[in-house]
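Here is a short briefing on a protein model. Look at the sequence and the structure first, then take the points by topic.

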Amino acid sequence: MTHAMLKGSNVPLDATAVRAVLRWTPGADVPDVDASALLLAADGRVRSDEDFVFYNQPRHPSGLVRRLPKKRAGDGLTDTIEADLAALDPSVDRVLVTASSDGASFGHVRDLRILLYDAGQGGAEPLAVFDVKAETGEETAIICGELYRRGETWKFRAVGQGYPTGLVGLATEHGISVDEDEAEGSDSGSSGGARSRAPDGARTHGRSAPAPSAHVSQPLPPAVPVAAQPQPQTTQPYVPPLPASSPPSYGYPQPAPPQHPPAHQPSYGYPQPASAGPGYGYPQPAAAHPADPDFTLPPMGPQFLRS
């Protein structure tokens, strides 16, 4: 008999191993959905990062909780978590079955539901069915249901609690360590976010999902030579300054400043050049004073008169 569950309701389980199947209707505007599981201790937190089972770590080290490949079922898609409840370590108090969307929020996901099957009965009808609905439409991760201990038995509860912070926010709240540098590099404004790495190889996605850190080195294209174009000269050509004469060493004779050679004077008694004036005491020419043509010299003394 299949139990149609409401949010918050629970149902006891007789099965020792179960399959929790997420199913939704795909479409052009529908984001991809991924199932994951968190193994929690009694304090509501994981014992280590290995207790996170999802698409980048699809199998728990114990092998008792695993994620199966996605399948197409009629007009829908499924993603499945399988758990061997009877063999789990007693320190595991709960197993959360969660869903996360990639590329948009759960407001764009149609017909999302979780179906719980007895893993020992291949094609039997589901034990329980819960239609998961986004409360605000902004959720990018949802706890669809939880398997929890009650003494020696297990129960299943329909949860439907959403997280707008994506799988990173959901996992961090339950004790999964996330690299802060990668989380800060993410685009928290996107509705879905891109998948990326989390600690120990774990990948997460959601609105606060970190951006992928892988870089592919591409060779640079060959440089294309460009013909040199003459540039107009906009500045005056540089003229180096004249070297300063180095001062002579202290104590050495100083060189005499250069002088112009004196004009050559003819020896006494030789004829004077035509441009030279008459010697002292000789008769002066009549026009000795160019400004006064009537100017004459006074009579010469007797010592200059010829006898």
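Helix α1, residues 166-173, is mostly covered in this predicted model. Six of the eight residues in α1 are buried.

**Helix α1 and its end**
- The buried residues of α1 are G166, L167, V168, G169, L170 and A171.

**Nonpolar cores**
- The largest nonpolar core has 39 residues.
- L88, I114, L147 and F156 have the most contacts inside this core.
- What does I114 touch, leaving aside its neighbours within four places in sequence? I114 is in contact with A20, V21, L22, V97, A128, V129, F130, V132, C144 and F156.
- A second, separate core has 15 residues, including F54, A141, Y163 and L170.
- L170 is also one of the buried residues of α1.
- In soluble globular proteins, nonpolar side chains tend to be buried together.

**Open sheet**
- Six strands form an open sheet, with antiparallel pairing. Their order is β2-β12-β11-β8-β4-β5.
- β2 (10-13) and β5 stand at the edges, and each has a single partner strand, so one side of each lacks a neighbour in the sheet.
- The partner of β2 is β12, residues 153-163, and the two pair in the antiparallel sense over four bridges.
- Within β12, R157 stands opposite N10.

**Pairing around β9 and β10**
- β3 and β9 run antiparallel and are joined by seven bridges.
- In β9, L116 stands opposite A20.
- β9 also pairs with β10 in the antiparallel sense, over four bridges.
- V129 in β10 is the bridge partner of L115.
- β10 (residues 128-131) pairs with β1 (residues 3-5) too, here in the parallel sense and over three bridges.
- A128 in β10 stands opposite H3.
- I114 has contacts with A128, V129 and F130, among others.

**Largest pocket**
- The volume of the largest pocket is about 200 Å³.
- Its lining consists of R19, V21, R23, L68, P69, K71, A73, T78, T80, L115 and Y117.
- Which strands each supply at least two residues of this lining? They are β3 (17-25), β6 (65-73), β7 (76-84) and β9 (110-118).
- β6 gives the largest share, four residues.
- By class, six lining residues are nonpolar, two are polar and three are charged.
- V21 belongs to the lining, and V21 is also in contact with I114.
- L115 lines the pocket and has V129 in β10 as its bridge partner.

**H60 in its loop**
- H60 lies in the loop between β5 (52-53) and β6.
- Is H60 buried or exposed? H60 has a relative accessible area of 7%, under the 20% cut-off, so H60 counts as buried.
- Leaving aside neighbours within four places in sequence, H60 is in contact with L39, R47, E50, D51, V53 and V65.
- A37 is 23 residues from H60 in sequence, and the C-alpha to C-alpha separation of the two is 9.6 Å.

Notes:
Residues are numbered from 1 along each chain as its sequence is written. This is a predicted model: local features need pLDDT of at least 70, side-chain atom pairs count only at pLDDT 80 or more; totals for chains, interfaces and linings use all residues. Side-chain values use heavy atoms; hydrogens and water are left out. On a 1 Å grid over the protein atoms alone, a cavity is a set of points where a 1.4 Å probe fits but cannot get out, and a pocket is an open set with protein on both sides within 12 Å along at least five of seven lines; lining residues have an atom within 4 Å of a point. Grid points are joined across faces, edges and corners, and a volume is the space filled by probe spheres set on the points. Ala, Val, Leu, Ile, Met, Phe, Trp, Tyr, Cys and Pro count as nonpolar, Asp, Glu, Lys and Arg as charged, and the others, Gly among them, as polar. A nonpolar core is a set of buried Ala, Val, Leu, Ile, Met, Phe, Trp, Tyr and Cys residues joined through side-chain atoms within 4.5 Å. Buried means under 20% relative accessible area, exposed over 50%, partly exposed in between (1.4 Å probe, protein chains only). Contact means heavy atoms within 4.5 Å. Two strands pair if DSSP finds at least two bridges between them.
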